[in-house]
Amino acid sequence: MSRPDTAAPRGSRDGDAPAPEGDQPLHVASRLHAFNRFELKYLVPVEQAIEIREELGERMDRDLNSPVGGYGVWSLYYDSPELRFYWEKIEGLKFRRKLRIRHYGDLDGVTEESPVCVEIKQRVNRVTQKRRITLPYATARRLCDAREMVEHSPRESPFIQEVLDLVIRLNLRPTAITGYQREALVGRASDTGLRVTFDRRVRGRDRDFHFGTATPENRFTIPPHMTVMEIKVNERTPHWITDLAARRNLNLVRISKYVQSIEAFGLAPRSVFHVDEADCPPPTPHTRLPLGQPAAPHAPVKAGAQ
């Protein structure tokens with residue numbers, strides 16, 4: 001069942017994240033979603049990101065599920081003991097996959113019944129593909145951690161079988177959590193396949209993998225005064241948005257929040273994909289900062305639970 005991100009059900013986040021479905025019975029196949037898209041990433045200072053977002057607002061709309069200030073996105077990544085998925089990214093394989101459990105919103109109040117997405121994100125040449133199923137949190141953990149078959153519909157069977165095959169055959173285990181605050185804009189009219197996201201306060205941890213952990217110690221894995229801006233399209237990037245990027249001297253970056261977490265916690269040597277604080281110096285005291293945005297310290301900072 002293949003659907004583009006623009007065709008996601010009303011009430012979804014990220015154009016691909018289904019909203020909670022209440023007491024929907026387990027046999028309903030609409031829990032399963034898939035789509036393809038192209039992604040362009042930029043690393044920009046928070047203050048510049050605010051200016052870009054305001055300019056984009058003249059031609060784009062705020063996502064219905066992206067409130068002022070954005071919403072939380074938390075992902076638990078699985079990898080093999082040898083970090084197979086990490087090294088596939090570093091080596092730039094034309095086909096590579098990642099398995100993760102993703103939660104949208106704050107982590108306060110996460111329960112066994114909270115809806116999460118079990119997702120396989122894969123790259124085929126330049127195309128990013130996502131396939132995911134929405135499950136209660138406890139069921140998702142049974143599938144990915146306990147490696148148990150969970151109840152599913154016939155249409156969901158291939159995906160569930162693929163997840164089980166990956167976790168058993170590759171001996172996958174929880175490896176890193178990433179989290180950030182996301183604001184999203186969506187295109188209008190002829191640009192309906194366009195989506196631009198701004199991810200700030202990117203942080204993570206290499207332990208305490210339960211989303212409901214009371215006081216986890218997250219650490220900024222990208223300098224807190226920087227924002228990851230992503231342009232996502234189904235087919236082509238509108239010329240006006242590439243003109244905007246050129247006019248503002250934005251440079252494409254090959255950055256992975258998962259890779260950043262792996263390297264930030266010393267689980268693997270730093271690679272060409274690593275964002276170092278020295279490469280992103282904080283603003284000087286004379287630089288105007290957004291209201292409530294403190295200057296970033298030079299030393300690594302613990303980001304707290306949220």
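## Exercises on a predicted model

Helix H3 (residues 137-144) is mostly covered, with six of its eight residues buried. Buried means under 20% relative accessible area, exposed over 50%, and partly exposed in between (1.4 Å probe, protein chains only). Helices (H or I, at least four residues) and strands (E, at least two) are DSSP runs, numbered from the N terminus.

The model is predicted: local features need pLDDT of at least 70, side-chain atom pairs count only at pLDDT 80 or more, and totals for chains, interfaces and linings use all residues. Residues are numbered from 1 along each chain as its sequence is written, and side-chain values use heavy atoms, with hydrogens and water left out.

**Exercise 1.** State which residues of H3 are buried and what covers them.

*Solution.* 
- Step 1: the buried residues are Tyr 137, Thr 139, Ala 140, Arg 141, Leu 143 and Cys 144.
- Step 2: their cover includes S3, strand S4 (95-104), strand S5 (115-124), strand S6 (127-136) and helix H4 (157-169).

**Exercise 2.** Classify the pair formed by the rings of Tyr 77 and Tyr 258, and locate both residues in the chain.

*Solution.* 
- Step 1: rings of Phe, Tyr and Trp (its six-membered ring) pair if their centres lie within 6.5 Å; planes under 30 degrees apart count as stacked, over 60 as edge-to-face and the rest as tilted. The structure holds four aromatic pairs.
- Step 2: the centres of Tyr 77 and Tyr 258 are 4.8 Å apart and the planes stand at 25°, so this pair is stacked.
- Step 3: Tyr 77 belongs to strand S3 (residues 71-79) and Tyr 258 to helix H6 (residues 257-264), 181 residues apart, so the pair links distant parts of the chain.
- Step 4: both Tyr 77 and Tyr 258 are buried.

**Exercise 3.** Classify the pair of Tyr 86 and Trp 87, and say whether Tyr 86 is buried or exposed.

*Solution.* 
- Step 1: the pair is edge-to-face, at 5.0 Å centre to centre and 80° between the planes.
- Step 2: Tyr 86 has 0% relative accessibility, so it counts as buried.
- Step 3: Trp 87, at 33%, counts as partly exposed.

**Exercise 4.** Give the count of helices and strands and the buried share of the protein chain.

*Solution.* 
- Step 1: the protein chain has six helices and 10 strands.
- Step 2: of its 306 residues, 51% count as buried.

Definitions and conventions. Contact means heavy atoms within 4.5 Å.
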